[in-house]
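The entries follow the order in which I looked things up.

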Amino acid sequence: MARYVKDFSEGDKDQKDLLGGKGANLAEMTRLGLPVPPGFTITTEACRAYMRTGEVPPELRVEVTMAVRHLEDQLGRRLGDFHDPLLVSVRSGAKFSMPGMMETVLNVGLNDASVQGLAELSGDERFAWDSYRRLIQMFGRTVLDIDGDLFSEALDKAKAARGVTADVDLDADDLRTLVGTYKQIVREQSGREFPQHPREQLDMAIVAVFDSWGTERARLYRRKERIPDDLGTAVNVCSMVFGNLGPTSGTGVAFTRDPASGRTGEFGDYLVNAQGEDVVAGIRNTLSLADLEEVDPAAHAELLQAMRRLETHYRDLCDIEFTIERGKLWMLQTRVGKRTAPAAFRIACQLVDEHLITMDEALSRVTGAQLSQLQFPQFAPVDDDSDRVLLTRGMAASPGAAVGMAVFDPATAAQWAADGKDVILVRRETNPDDLGGMIAAVGVLTARGGKTSHAAVVARGMGRTCVVGAEELVIDSEARTMTARGHTVHEGDVIAIDGTSGDVVLGDVPVVPSPVQRYLEDGLDVALAEAPDDETRELVRAVDRILRHADASRRLHVHANADTAEDAARARHLGAQGIGLCRTEHMFLGERRVLVERVVLAADDTERQAALDALLPLQRQDFTDILAAMDGLPTTIRLIDPPLHEFLPDLTDLSVKVALQAERGEVDEHDVTLLAAVRRMHEANPMLGLRGVRLGLVIPGLFDLQIRAVAEAVAARLAAGGDPHAEIMVPLVGSVQELRLVRERAVAIMAEVSAEQGVTVDLPVGCMIELPRAALTADRIAAQAQFFSFGTNDLTQTTWGFSRDDVEGAFFAQYTANGVLSVSPFETLDVKGVGQLVQIAVERGRATRPDLTLGVCGEHGGDPESIRFFDAVGLDYVSCSPFRVPIARLEAGRAAIEHEGSDSR
């Protein structure tokens with residue numbers, strides 16, 4: 001029989017799969033002897049059993065009974081007892097942290113009778129009724145699915161009737177009356193009385209937590225974070241300790257280092273006379289931990305000792321939830337804390353310097369996505385005479401520079417973002433239902449809350465710019481406006497928020513390159529000289545240190561996709577070790593388009609050759625410039641790939657133009673001839689038509705022109721004393737015979753150029769593997785190819801039968817929502833399908849040619865998860881856009897040192 005329940009004393013931090021993150025860490029703190037309230041964890045296996053059948057396993061009810069009785073015996077109290085009641089909290093806890101996405105119910109066990117017992121036990125009638133109203137409110141919203149605003153409005157009316165603004169100013173009689181109002185809301189909205197039996201409350205709360213795993217907001221968060229849907233959540237049942245027992249009690253969240261900046265020291269929020277959800281919800285603005293030292297020095301000292309012990313034990317930034325009950329500290333949760341990108345790099349290097357982790361571990365604790373965030377521009381410094389309008393300054397919760405239109409609800413944010421608008425979501429405070437809007441927005445701004453509020457924690461985890469606790473803001477959600485310092489912002493007005501300073505500015509704000517981008521492009525010395533403060537210098541040094549370690553650790557080379565000498569030079573500055581894809585078709589655009597027209601319209605071979613000859617010096621100069629920029633490094637030049645009609649006028653536009661000319665009697669013979677050619681070359685499905693190697697074999701002289709231009713450019717660079725390493729890549733090969741024909745022409749042309757120029761030009765000839773047939777016959781193709789480069793964009797299209805341009809906008813959103821896709825296969829490689837073809841081609845290609853060079857030049861070459869796969873199957877290099885080269889360098893290093901999978905999502 002499966003065992004579904006584990007006592008906190010039975011597990012440890014390595015059992016996250018079974019106990020969830022929260023349960024595993026509660027067990028670990030218990031094992032360490034920290035003050036954790038007794039309790040038990042219902043495992044993820046129970047949740048998965050519930051998801052399979054829709055029924056709670058009968059064994060679970062039995063095990064919960066045994067666990068509750070054990071808890072009662074430990075504490076000498078009974079669940080919901082009339083005189084000395086045991087109360088419990090019921091909290092979710094999945095393997096990966098999903099802040100605010102799932103449910104919590106506090107004070108389970110209170111009813112009309114036990115509330116009297118709690119008042120007697122505590123000697124505080126107000127506290128007892130406050131705890132009871134919180135239970136009904138949370139239970140109603142979470143378990144009975146009642147609109148939480150109904151309870152909030154009733155609370156606001158109760159405060160208004162008393163003429164007070166804070167919850168703590170309501171007395172016991174007010175709260176007793178409010179409990180009656182809440183019970184009436186439950187009766188009207190759910191059609192039943194609020195359950196009075198403690199065990200019924202507990203069972204219903206457990207099921208509600210299981211159900212919360214499948215809510216839309218939880219599914220949305222998992223899709224965003226790429227967390228599997230089948231993991232399920234654990235449920236933690238913990239004996240209640242109370243932060244709302246008066247001025248010597250309170251609740252808080254602490255970090256062992258600042259999760260926003262990475263600064264060392266104590267950081268966190270504390271609320272006197274409150275329960276845990278008050279802090280995270282951001283409904284009341286909080287005190288700092290320094291303020292706690294003044295309020296309760298003994299508890300503060302004990303908390304600092306526990307924080308240091310946990311950081312030493314976990315060897316990382318820890319996020320801690322705690323409650324102080326009449327001066328007694330209780331630890332309710334710890335986990336490795338989410339952090340911003342700057343904090344991730346700083347903390348990793350700090351911990352190395354403190355000899356808590358190694359450089360390999362430091363590398364494993366930062367990601368390419370975080371480095372990407374550090375590359376984005378930031379707001380330009382303010383001049384003294386600037387006319388910038390500062391609306392307010394809040395708390396900097398998640399760094400970055402965000403400019404967008406103000407919107408006041410998540411649905412509008414999602415809708416406007418889908419229309420291509422940049423939006424900033426403005427709320428009094430956020431809650432889990434705002435997640436869709438937070439994902440859609442470029443930034444989040446709240447009037448309430450601290451650095452541990454829901455908005456701050458979720459924004460940090462997603463890498464969204466966020467400012468919280470901007471108390472000057474008066475937000476009117478009905479009128480869709482916000483007001484501060486005499487300025488009113490309407491929905492759609494542009495605002496800017498600075499997640500580093502906390503500034504909120506009216507209108508657009510100019511941006512400048514980030515310090516990290518300056519480092520990547522111009523070097524460490526320049527970036528350090530321009531850095532405005534020590535904190536920025538520490539960040540730049542940390543990025544440099546970790547990136548250099550990644551370069552020293554990685555096996556994969558990193559190349560760039562670049563089509564011009566300027567792009568090539570920039571890629572080289574950013575650390576590219578070659579060009580993995582130079583797309584020659586881009587060289588036929590602009591003023592050269594007319595020459596392509598001449599190739600297409602040529603009446604005979606002589607005309608066509610004349611047009612090709614006109615293109616030759618232009619192509620040769622293009623390649624000479626690129627080879628000069630990449631001197632000494634491999635430069636893979638792909639022969640023309642798209643169908644020729646892409647270089648000609650649109651069929652519909654040209655047809656209309658010719659028809660109108662004919663109607664006016666103004667026939668243009670050139671347009672008529674061009675239209676005939678466009679019609680002749682029009683294809684129903686150009687992606688699978690006359691393109692790539694087929695084009696080179698069907699249009700005489702086209703590939704010859706390009707191969708000659710490359711060979712002559714190499715000869716010119718050799719004559720100039722250069723060290724060119726050009727490679728010729730044939731696109732869309734499906735048959736070894738196609739490649740053999742092109743290769744024979746290439747060898748002949750190189751021999752001609754060698755003889756003409758008096759130098760030896762012997763360039764590698766290889767091909768792209770972007771068709772399933774090419775992957776499956778790689779052993780045959782390798783006999784003619786000196787290298788393979790996987791074109792994973794087309795390989796994904798042809799494997800899935802997707803036309804990327806058509807499907808991404810048409811139904812990918814629906815496919816993601818209903819679970820067909822967890823992520824677009826064009827963003828992250830489909831390892832189970834496309835990845836298998838890559839692996840087959842690697843194995844079969846190298847079986848024929850052991851020294852076969854293998855790379856990838858699709859967009860997947862810059863995707864972190866895909867890079868790990870490419871490293872594992874033995875590719876030699878990845879190639880990506882210049883901007884993503886540093887990201888690929890970092891991720892290739894992480895792939896090389898990766899050991900047991902990290903759970904730091």
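Entry 1. I take contact to mean heavy atoms within 4.5 Å. The model I examined is predicted.

Entry 2. With that cut-off I looked up the contact between two helices, H22 and H24. In H22, Ala565, Ala568, Ala569 and Arg572 meet Asp625, Ile626 and Ala629 of H24. By type, the residues of this contact comprise 5 nonpolar, no polar and 2 charged. H22 covers residues 565–573 and H24 residues 605–629; I noted an angle of about 10° between them and axes 8 Å apart. H22 is therefore roughly parallel to H24.

Entry 3. I turned next to H1 (residues 16–31) and H12 (residues 297–314), whose axes come within 12 Å and cross at roughly 110°. H1 is therefore roughly perpendicular to H12. I recorded the crossing as right-handed. H1 contributes Asn25, Glu28, Met29 and Arg31 to the contact, and H12 contributes Leu310, His313 and Tyr314. I sorted the residues of this contact into 3 nonpolar, 2 polar and 2 charged.

Entry 4. Which residues touch the most other members of the largest nonpolar core? I found Phe345, Val730 and Phe788, in a core of 122 residues. Helix H28 (residues 702–719) gives the most to this core, namely 10 residues.

Entry 5. I then followed Val730, setting aside its neighbours within four places in sequence. Its contacts include Leu639, Val693, Phe703, Leu739 and Val742. Val765, Gly766, Cys767 and Met768 are also in contact with Val730.

Definitions and conventions:
Residues numbered from 1 in each chain as written. Predicted model: local features only at pLDDT ≥ 70, side-chain atom pairs only at ≥ 80, totals over all residues. Heavy atoms only, no water. Axes fitted to C-alpha atoms, helices over the stretch in contact; angles between N-to-C directions. Helix = DSSP H or I, 4+ residues; strand = E, 2+ residues; numbered from the N terminus. Parallel < 35°, antiparallel > 145°, perpendicular 65-115°, else oblique. Left-handed = near helix turned anticlockwise from the far one by under 90°. Nonpolar A, V, L, I, M, F, W, Y, C, P; charged D, E, K, R; others polar. Core = buried A, V, L, I, M, F, W, Y, C linked by side-chain atoms within 4.5 Å. Buried < 20%, exposed > 50% of the residue type's maximum accessible area, 1.4 Å probe, protein only.
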